[in-house]
Every structure is written in structure tokens, then in C-alpha cells.
Amino acid sequence: MLGDYPFEYLKQNLENPEIIESKIHIAIILGNKLFIGFSGGFAEGVGIPGGVAVFDFFRNQWNVEWRKELIDLYITDIIPISASTVWFSSKDESEFFTFPSAIFEYGLEKNTLKSLRFSDIDAWELKRWGDFVFMVGPDGLTIYDLIKKQSQNYVWDLDINEK
């Protein structure tokens, strides 16, 4: 299930998961678990499924999430938020352009997944420093305060008429 090469993929294959393979894009270890983000996407109508896999070292067990809200996505980054929660960023590439990115929160204890929205700025990379999460994309930066639960957006703006 955790293959390392792409192949032509049809969404109907989800009904037969033993034939699904994807490419691993990113991995982190949080406590006793390994988190893997797949580089899925369906540019030009073919591609590989996106999703997240979690390996529990203590149980020696995989949990692979091929949820429909993840299947078209390329997981770009994963960061730990707490002992039982990770966030991951994603992008959705089509034939001619990239759709706006999404950030998801994955809860380990109840195996929950929810979409988070902090700004309209695409976030392809996530970095954590203390109580702050930095979300960086091609158009700017969002800084999220985990304690205050507030975000601040900074947009790159180049004005060739200004010095």
C-alpha cells in the first residue's frame, strides 16, 4: 500500500485499496508515531492518490487515510501541534493551475480530520516556533498564535515604481 512510484490512477480504484500506491513526500515522527504525507494529485486527469499514513511503533500497525477530502491533494508539510494532534498543509494541482491550498488538523485519539481556515493566503509550508505556527506560501505569510487563536497575514507586494 505504501509504494514508492506513481502509476495511472482512477478514483474508482478506491473501492479496491490493495491496488492503491502513492509517493511519499514528507514524514515526521511525533511521540511513538510516524506520519507520512503523500504527493497525490490529478493534473491532466491522471495521477496518484493523496492522503496521510500513520505508523504506530508500539502497536507495529499502519493507519492509512484515503479520505475523499484528501484524495486529490499533495501533502506539502506536517507539523506537531500537541501530543495527539498534527497539522498538515496541502495543495491541489490541476491541469492548468493550482487550486487554493488547505490546512488540516488530524486528531490521533479519535482519528478525526478537519479543515482549518486561517486566511486566504496559500500555505504550502508550516513551521512551529513555540506557541506560533508560520504558514508560508507563494504569496505571503500567515502567523497563527496557538494561545490567542488569532492569525496575522503578511502579503508579498512588489511595486516596481517604488524604491
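This is a predicted model: local features need pLDDT of at least 70, side-chain atom pairs count only at pLDDT 80 or more; totals for chains, interfaces and linings use all residues.
Local features need pLDDT of at least 70 and side-chain atom pairs count only at pLDDT 80 or more, while totals for chains, interfaces and linings use all residues. Residues are numbered from 1 along each chain as its sequence is written, and side-chain values use heavy atoms, with hydrogens and water left out.

**View 1. The largest pocket and its lining.** The volume of the largest pocket is about 190 Å³. A pocket is an open set of points on a 1 Å grid over the protein atoms alone, where a 1.4 Å probe fits, with protein on both sides within 12 Å along at least five of seven lines; lining residues have an atom within 4 Å of a point. Grid points are joined across faces, edges and corners, and the volume is the space filled by probe spheres set on the points. The lining consists of Lys33, Val54, Asp56, Arg59, Gln61, Trp62, Asn63, Tyr106, Leu108 and Asn111.

**View 2. Strands and residue classes in the pocket lining.** At least two lining residues come from each of strand 3 (52-56) and strand 4 (61-65). Strand 4 gives the largest share, three residues. Strands are DSSP runs (E, at least two residues), numbered from the N terminus. By class, the lining holds four nonpolar, three polar and three charged residues. Ala, Val, Leu, Ile, Met, Phe, Trp, Tyr, Cys and Pro count as nonpolar, Asp, Glu, Lys and Arg as charged, and the others, Gly among them, as polar.

**View 3. The salt bridge between Asp77 and Lys127.** The whole structure contains five salt bridges, each a side-chain nitrogen of Lys or Arg within 4 Å of a carboxyl oxygen of Asp or Glu. In one of them, the side chains of Asp77 and Lys127 meet at 3.5 Å, N to O. Asp77 belongs to strand 5 (residues 74-82) and Lys127 to strand 9 (residues 125-129), so the pair ties together parts that are 50 residues apart in sequence. Asp77 is buried at 6% relative accessible area, whereas Lys127 is partly exposed at 43%. Buried means under 20% relative accessible area, exposed over 50%, and partly exposed in between (1.4 Å probe, protein chains only).

**View 4. The salt bridge between Glu125 and Lys127.** Lys127 also pairs with Glu125, at 3.9 Å, N to O. Glu125 is partly exposed, with 42% relative accessible area. Elsewhere, salt bridges that share partners join Lys33, Asp56 and Arg59 into one network.

How values were computed. Helices (H or I, at least four residues) and strands (E, at least two) are DSSP runs, numbered from the N terminus.
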